[in-house]
Structures are given as structure tokens and as C-alpha cells.
Amino acid sequence: MAGRINDDDVKAVRDAVPIDAVVSEYLQLRSAGGGNLKGLCPFHDEKSPSFHVSPAKGLYHCFGCQEGGDTVDFIMKLDHLSFAETIERLASQAGITLRYEEGGYTPGRQQGERTRLVEAHKAAAQFYVEQLDGPEAEIARKFLAERGFDQAAAQHFGVGYSPAGWDHLTRFLRGRGFSDQELVLSGLSQEGRRGPIDRFRGRLMWPIRDIAGEVVGFGARKLRDDDNGPKYLNTPETPLYRKSQVLYGIDLAKKEIAKTNRAVVVEGYTDVMACHLAGVTTAIATCGTSFGEGHIKILRRLLMDNAGSEVVFTFDGDAAGQKAALRAFEDDQKFAAETSIAITPGGMDPCDLRLAKGDAAVADLVEARTPLFEFALRHVVSRHNLDTTVGRAAALDEAAPIVAHIKNSSIQHESAVQLAGMLGILDTQFVVKRVSQLARWARERGRDGGPDQGRQQRRGQPAAAEQARPAPGPRGPALNLRSPAHRVERELLKLALQRPDLVSPAFDAYGADEFTAPPYAVVRQCIEDAGGTTAGANDSAYVPRVREAAPDDTVRAMVTELAVEPLHTRRDPDEAYAGVQLVAVRLAAVNHRVTEIRGTLQRLGPRADPEHLAAVQNELWVLQQYGQSLRERGYAAL
């Protein structure tokens with residue numbers, strides 16, 4: 001049985017790794033005001049950022065899908081790791097040595113499966129790099145040199161060499177404490193007649209890293225004629241490596257992609273190397289598969305779905321390249337970014353182009369890109385006989401939907417005019433109206449078919465801030481958020497979690513009955529159980545204590561949500577703003593009680609016990625006077 005990680009070490013890991021630094025490894029974050037950040041949610045598809053991160057609280061929450069938690073929760077959910085694996089991974093990043101209870105630390109026995117596989121790949125990558133300097137790897141060094149890559153380039157990309165023998169890597173990793181089962185599971189070894197043998201032998205090796213920079217697989221290039229395997233051999237599907245969800249070079253390119261709002265998609269490992277060395281440091285490539293849905297999700301999170309961002313595809317000008325370009329165009333609508341294509345001259349890929357014409361030619365290739373819709377339009381039109389009426393009509397039927405899908409309305413109009421000229425149709429307005437009609441129908445279909453939440457996200461508003469949220473399983477109870485009382489209760493709880501210094505000690509004197517929404521009353525109790533706002537002021541462990549005090553995951557998710565959701569003020573919150581919320585909640589509670597007492601008096605009637613009647617009337621009078629004082633004097637009347 002695996003040992004339990006020491007609690008003090010777990011706390012040290014949580015404190016050492018800022019949540020914004022971790023989340024930024026996976027998506028681009030921008031200011032959301034009030035010290036918070038926002039980006040496109042990695043847990044569901046959305047068009048406007050509803051994923052908020054609070055660095056001060058160490059929490060995140062998505063107002064679209066309701067996922068939320070701290071740094072550990074984020075890694076566990078996104079990378080499908082266990083708690084122990086997540087702590088081990090974060091500890092490694094922070095340089096913290098973990099202590100294990102129940103008998104001490106035994107690496108092979110006590111680390112999680114994923115952590116072990118990552119460590120095996122890290123060791124394998126270093127092994128391959130070291131082999132590249134040996135005499136046997138002369139053929140690999142020659143291959144790199146012939147393609148314009150020196151030793152520094154190889155080191156920058158971690159390129160290595162796998163020895164031609166049967167089990168060099170397997171024996172090396174066994175010596176590092178990895179079991180045969182782990183080596184086969186990782187894809188580094190495969191079953192042979194007499195036990196595991198190396199999967200990659202006698203090949204040039206590229207480490208494939210995930211967006212966080214961890215080696216999760218390898219791409220291997222054939223070097224010798226007697227190698228009967230495929231030209232390129234990749235790691236098989238493993239618990240670490242899924243080719244539809246990795247992009248080669250993303251670890252090196254992600255910061256520049258986020259900074260420049262541009263990604264350049266090339267076709268191979270050497271093309272990525274050539275582009276980066278030529279100054280196009282936003283270049284990435286798929287790993288033995290076509291560009292698809294999983295790759296789109298990675299890029300969208302980095303590009304933030306900014307309408308001004310761009311994805312540039314580079315393809316050879318041959319038939320296969322044109323087919324790949326059209327396949328990429330089919331996914332165009334899944335980006336908010338504009339998509340373009342750069343066709344390499346003479347069938348050369350970026351690596352060949354750099355060799356033949358230098359670094360500047362590679363940069364110029366990307367700058368001379370063509371909008372992908374324009375490329376698709378020309379391709380469609382070229383298939384029809386435009387000398388006949390029937391041919392022109394058929395071309396219009398096929399091409400008009402392409403123009404209608406152009407996201408920029410002004411470009412859409414210009415392209416419709418251009419299409420009329422390409423087809424030789426003199427009635428330009430006929431083509432323009434046809435395109436406009438198709439675009440309108442597409443928009444209407446999107447509105448009719450989209451869920452309410454999707455429309456809220458397109459407006460850029462947290463779903464919870466606008467209307468009642470249905471209870472999605474255990475995520476949170478439904479609330480009538482149109483109720484003014486509920487809205488102000490929510491705002492006060494947000495202040496109590498985000499700025500306890502502004503509402504203490506007054507908040508701590510509020511009773512549970514002052515929060516009319518049952519879930520909010522429970523959150524208020526959690527705050528009390530965690531020591532209240534007075535104890536929480538200037539205490540970094542305050543919100544974690546409130547989350548720990550939650551009786552279940554539903555309430556814990558609510559606490560996280562309230563701790564991250566932006567406050568409804570454009571300025572920094574101050575004591576005056578906090579006072580307004582405190583008074584509003586107290587006044588709503590007083591008014592609610594006044595209504596109840598009036599109902600009681602009506603039920604008692606004239607025959608009621610005089611003493612009881614007088615007591616009820618006195619309570620009503622006291623509450624009415626208090627309510628009047630709150631309205632007139634505000635915070636001073638609390």
C-alpha cells in the first residue's frame with residue numbers, strides 16, 4: 001500500500017505553486033478586474049471567457065460549467081491525475097522533496113502511475129540525447145546537418161538517438177528502478193520473444209512534450225535502408241500519450257502564441273525546428289495525425305478566441321497538401337480566430353525552404369499567407385465549367401455557403417462581390433443577397449439550437465449572474481437570482497470571502513436567518529465555522545478553511561464560486577460599498593420579518609389574547625423603527 005504524503009508537505013506544495021502560474025501553462029489569462037484573471041474554460045467549449053482565476057485566493061471557477069477548486073483540483077481534473085500524483089508533480093516543479101508516512105518513501109512503490117510514466121519518459125529523453133554524441137549516431141548527426149541543424153539546435157529541441165540494439169533503453173530504465181510492466185505500459189518498450197525490447201531502435205528521436213513541458217512520447221525517424229519500419233514511428237496510445245491531444249513544439253511556442261495571437265501549423269518535426277530557428281517561434285505540428293478537434297481546443301485556449309487572432313496552416317502545393325488544406329477549412333468555424341494558408345513554393349516544406357533560401361524565406365512564407373476561405377473558394381470554383389449557365393449556377397450553390405461562413409461581415413460582403421466576378425455573374429447584388437440570406441439562416445439556426453447558457457457565454461456574462469441556474473447534479477442548488485434579496489446576499493457573501501476586512505466585524509453578527517436563500521445560509525455558517533471574517537482578514541488560509549468547513553462538494557463548489565466571482569462594482573470595493581451590502585441584507589431581513597408579523601396580526605384578529613397581541617404589535621413597531629433607521633442612517637444604524 002502506498003504511503004500517505006505528509007500533510008505539512010502537501011501544504012507547502014499548495015503554497016509554493018501559484019494557481020495563475022499553473023493555469024497559464026494551459027491557457028491564456030487576461031485581467032478580469034479586481035485582481036482576478038479570466039480565460040477560455042479548459043473543461044468545456046465556450047466562445048467567451050467565463051473561467052475566472054483568483055491568484056489571491058488560489059482558486060478558479062467557471063461560471064459556464066461550474067467547475068471550480070484550487071490548484072490541485074485543476075491539475076487533477078484536467079490531466080486526470082490522482083491527488084498523490086498531482087502533489088508529486090507540483091512538488092517536482094517547486095523543488096520540494098516529499099515525505100511519505102506509513103513506512104517512508106519507496107519510489108517505485110509509492111508514486112502514482114502517471115508520475116512513474118512521466119519520469120520514465122524524462123529518463124528516456126536524457127538517455128537518447130546522450131546517445132546522439134556516440135559513434136553509432138554519426139548517421140543521425142549527418143541527417144541533422146544535411147537539414148541545416150547544428151548541435152545547438154539539436155540540444156534546444158532535445159533531439160536524440162535510439163541505439164540499434166534490441167534492449168539498450170530497456171536495460172537502462174530497469175537499472176533506474178522501472179519495472180517491465182511500466183516500460184511496456186509507457187510505450188517505450190514492447191513485448192519480445194524473451195521479454196521486453198526497445199520500441200525505438202536505430203532512429204533519430206524527437207521528444208514530444210505536453211503543454212506543461214513534460215515528455216509524454218516520442219517521434220522517431222528512420223535513418224537506415226535496412227530498417228523495415230515506417231519512415232516515422234510514434235509512441236502508441238498510452239495513458240500519457242494521445243496523438244489527437246498533443247502538438248509538437250507547443251511547450252516552446254505557447255508563450256509566443258499567446259503574446260502574438262498567432263499560431264503557425266506545420267506538418268513535421270523538422271518543419272517546427274526550421275520555423276523556430278528562422279524566427280517563426282509560434283510554429284507547432286501534429287504528431288502523426290491530421291489536425292483535429294483536440295488540437296483546436298489547445299489552440300483556442302491559448303488564443304483566447306480573440307477575433308484578431310490567427311491560425312496559419314502551411315501545406316505543400318501538391319494534391320495531398322491541397323486536400324489537407326480543405327480538411328483544415330472544414331474546422332474553420334470552430335475557431336473565432338481567422339484561418340489562413342501559406343502554400344510552400346515548388347512543393348518544398350519549411351525545412352527545405354530554409355535550406356534553399358534561408359531564414360528570411362520562411363518568415364516571408366508565413367507573412368504571404370492567404371485567407372483559408374479564399375483558398376477553398378478558388379478550389380471549389382475551379383471544379384466547375386464557368387462557360388455554361390448550369391456550371392455557373394452549380395459553382396454558386398457550392399461557393400456561396402463558404403462566403404456566408406466568413407466571420408467578418410465586411411470581408412463577407414467584399415468576398416461575395418469577388419465571387420460574382422469569379423463566376424462571371426453580372427448581377428452582383430444577386431450574389432450578395434444570396435450570401436446574406438445563407439448567413440442569416442446559419443445565425444438563426446445557431447440561436448434556435450443553442451442552449452441558454454451558450455447565449456449567455458457569447459454575451460460574456462457569468463451564467464450565474466443573470467438568472468436561476470438549474471442544479472447540474474451535485475454542482476449547486478437552483479436559486480432565484482432575480483430576487484433582489486438573493487442578489488444582495490450573494491454580493492455580501494462574496495465580500496465576506498474576498499474582502500473580509502471590509503465587512504468585519506459586522507458580518508459575523510449576522511444570523512443564518514438573515515440569508516433567505518438556503519445555500520447562502522449554509523455558506524454563511526461555513527464562514528462562521530472557519531472563524532468568521534474577523535479572523536479571516538489578512539489570513540491567506542481563510543478561504544481554504546471555509547472550503548474545508550463545507551459539509552459537501554455542492555457547498556464547497558458554491559464557496560469557490562463566490563470567492564472567485566467578480567464583485568458588481570467597477571471601482572475597487574471600499575468600506576462604503578461593503579456598508580451598502582451589509583445594510584441591504586439586514587434591511588431585506590427586517591422587511592421579511594415585518595411581512596411575517598403583519599400576517600400573524602391578521603390571523604390573530606380582534607379576539608386575540610390582549611397580552612400576546614400587544615407583544616406582537618410591539619415587535620412590529622420596533623422592527624419598523626429599525627427599518628426606518630437603516631434607510632435613513634445606513635451603516636451607522638447596524
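Trainee: Which residues touch the most other members of the largest nonpolar core?
Mentor: This is a predicted model, in which local features need pLDDT of at least 70 and side-chain atom pairs count only at pLDDT 80 or more, while totals for chains, interfaces and linings use all residues. Residues are numbered from 1 along each chain as its sequence is written, and side-chain values use heavy atoms, with hydrogens and water left out. A nonpolar core joins buried Ala, Val, Leu, Ile, Met, Phe, Trp, Tyr and Cys residues through side-chain atoms within 4.5 Å, buried meaning under 20% relative accessible area with a 1.4 Å probe and protein chains only. Among the 76 residues of this core, those touching the most other members are Phe51, Phe74, Ile250, Ile257, Leu299 and Leu419.

Trainee: How many residues does the other core hold?
Mentor: The other core lies apart from the largest one and includes Trp206, Leu240, Met348 and Val366. Its residues number 43.

Trainee: Which residue in the turn between E3 and E4 has a positive phi?
Mentor: E3 pairs antiparallel with E4, residues 59–62, over four bridges (pairing requires at least two DSSP bridges), and Phe51 stands opposite Cys62. The two strands form a hairpin with four residues between them. The turn residue with a positive phi, about 70 degrees, is Gly58.

How values were computed. Buried < 20%, exposed > 50% of the residue type's maximum accessible area, 1.4 Å probe, protein only.
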